[in-house]
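My notebook is open, and I am going to look up how the pieces of this fold sit against each other. Come along and check each entry as I go.

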Amino acid sequence: MDTTMNSNIAANIRTQRLASLIPMLSQMIPDHAILSEPEQLKAYECDAFTTMRQMPLLTVLPDTIEQVQHVMRCCHALDIPVVARGAGTGLTAGSMPVENGVLLGMNKFDKIHDIDLHNRSAWIDPGVRNQAVSDATAPYNLYFAPDPSSQLACSVGGNVAENAGGVHCLKYGLTVHNILELDVITIEGERITIGGQALDAAGYDLLALMTGSEGLLGIIVGIRVKLLAKPASARVLLAAFATIEDAGNAIAEIIGAGIIPAGLEMIDQKGIQAIEALMHAGYPVNAAAVVICELDGSVKEVEDELNSVLTILHRLNASDIQISTNEAESKRIWAARKAAFPALACLAPDNYVMDGTIPRRALAQVWTKINLLADEYQLLVVNVFHAGDGNMHPSILFDSSDEDQHKRATELGTRILELCVQVGGTISGEHGIGLEKINQMCLQFTNNEISQFHALKSAFDSKALLNPGKQIPTLARCTEFHSMHIHNGEMPFPHLERF
Ligand SMILES: Cc1cc2nc3c(=O)[nH]c(=O)nc-3n(C[C@H](O)[C@H](O)[C@H](O)COP(=O)(O)OP(=O)(O)OC[C@H]3O[C@@H](n4cnc5c(N)ncnc54)[C@H](O)[C@@H]3O)c2cc1C
């Protein structure tokens, strides 16, 4: 079928769907909450993975749970796809609309309803910003541990849907470890509660299943988050290294010594220089890599661990060691690290950020191979990442308006993820799959495993209307992917050691 015929079919579907959907939605949703003009819809065509875009049929902005239920019932009755959107900071095109589908914006759900000090938890709306939870609970000396670098903007609903992480997840866990209960609206418009206020719940662990389900199983409309007590003391160290091997070994040795830092991050030279140019935080620009390590706990605990970490750092030839003595100094070091994305945006128009997670021992080896691949594809790759949990974030910097660069960046991304799988790692540590990594799911999972994912999806959404085409590839797609990418049955580095 040619492109003109395809676009005529799409246009006809659009006209029919608008004619049937708008009157139905309007029975319960006010006109101002149904956006249909192209200039209104443009704002919703992509998330932070800006190289993939699609305009929605409509954007609906409900502000009550009953309205969400109504949208779901209408879409279910008319077989129209629905994509939920939080703040749109996702990095995998997860909340990018699907053609002729509804985009369900959850931003108006922005209330913190109840802070329960006895149970150290809070019941919040899905559209509440991540940072807003810790801000609201700070007067009680409590905070919400998952802290993605996007925490000023991203929603907790989006964090749950992506099982988001952040620098403090090494010690305090991902989003899945920091929530207790969810209210969810099914595609049929039914409201279900999963999890509970206790630490365990009877039956299947649907709470864990829903966390990281990327909007494919239901719409999250309420979240009970766990709150942690702020530690009595916290110190942040920054250490420079002349080689990436020493920096990688420092990470492995700190963890090997039985210390679990609150955060353990690593930045390569290009990353250090980009961050320093933007933030002027005093990062050592001539170092091959820096390691940032936060230790928290009681004053005595922190002092003891600090001494052990310093011994390791000195043994591995670290230099320019900075140690924060107060909260302001800690914030200076972290604020610069968290500004890595904007800093890299000063180097190139587009940033394709990988999210592969590998066994820690493979860090230096994989880092070296990534640099070789970057040379092969003649692209700039910068590494700023959660080293403590092996979550690599190589950022491929390129210009998507140059078709050849775009193609090379996409291919390089695939090869980096293949490399992560090859050493025994995974294709996603915290950003999810969305559309961006859907092909690489075929590398990570067998056809039997992917079939089980489809069976699960179908148990929640038999018509495949919720965020269709994302996260789980079809088996046909996998067959095509394998025939195109794995030549002669070999991965990119056939003799690479698997950890
Ligand atoms: C500068 C920058 C730094 C980042 N740093 C990190 C980081 O350190 N760690 C990390 O994990 N991520 C990071 N991210 C990625 C992103 O911020 C997270 O994935 C975040 O959880 C997305 O939240 P959101 O509200 O923007 O969700 P969106 O992007 O709007 O949506 C993400 C997914 O969640 C689904 N969804 C959203 N709301 C709901 C709901 N109520 N019910 C059901 N499904 C829903 C969407 O359909 C989509 O599949 C970063 C992004 C940027 C731009």
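Is the crossing of helix 8 and helix 10 left-handed or right-handed? I find that helix 8 crosses helix 10 in the right-handed sense (left-handed if the near helix is turned anticlockwise from the far one by less than a right angle, right-handed if clockwise).

**Ground rules.** I am reading a predicted model, where local features need pLDDT of at least 70, side-chain atom pairs count only at pLDDT 80 or more, and totals for chains, interfaces and linings use all residues. Residues are numbered from 1 along each chain as its sequence is written, and side-chain values use heavy atoms, with hydrogens and water left out. Helices (H or I, at least four residues) and strands (E, at least two) are DSSP runs, numbered from the N terminus.

**Helix 8 and helix 10.** I looked up residues 244-256 (helix 8) and 299-315 (helix 10): their axes lie 10 Å apart at an angle of about 150°. Axes are lines fitted to C-alpha atoms, for helices over the stretch in contact, and angles run from 0 to 180 degrees between N-to-C directions. The two helices are therefore roughly antiparallel (over 145 degrees; under 35 is roughly parallel, 65 to 115 roughly perpendicular, the rest oblique). Helix 8 brings A250, E253 and I254 to the contact, and helix 10 brings V309, I312, L313 and R315; contact means heavy atoms within 4.5 Å.

**Helix 1 and helix 3.** I found this crossing to be right-handed too. The axes come within 10 Å and cross at roughly 150°, so helix 1 and helix 3 are roughly antiparallel. From helix 1, S20, L21, M24 and L25 meet H70, V71, C74, A77 and L78 of helix 3.

I traced four strands in an open, mixed sheet with the order 1-2-4-3; strands pair if DSSP finds at least two bridges between them. Strand 1 (34-35) and strand 3 (82-85) are the edges. Strand 3 pairs with strand 4 (residues 102-105) in the parallel sense over four bridges, and R85 stands opposite G105. Helix 3 (residues 65-78) packs on this sheet, touching strand 2, strand 3 and strand 4. Helix 1 (residues 3-26) lies across strand 1, strand 2 and strand 4, at about 15° to strand 2.

**Rings.** I counted four aromatic pairs (ring centres of Phe, Tyr or Trp, its six-membered ring, within 6.5 Å; planes under 30 degrees apart are stacked, over 60 edge-to-face, the rest tilted). One of them, Y143 with Y172, is edge-to-face at 6.4 Å and 85°. Y143 sits in strand 7 and Y172 in helix 6, 29 residues apart.
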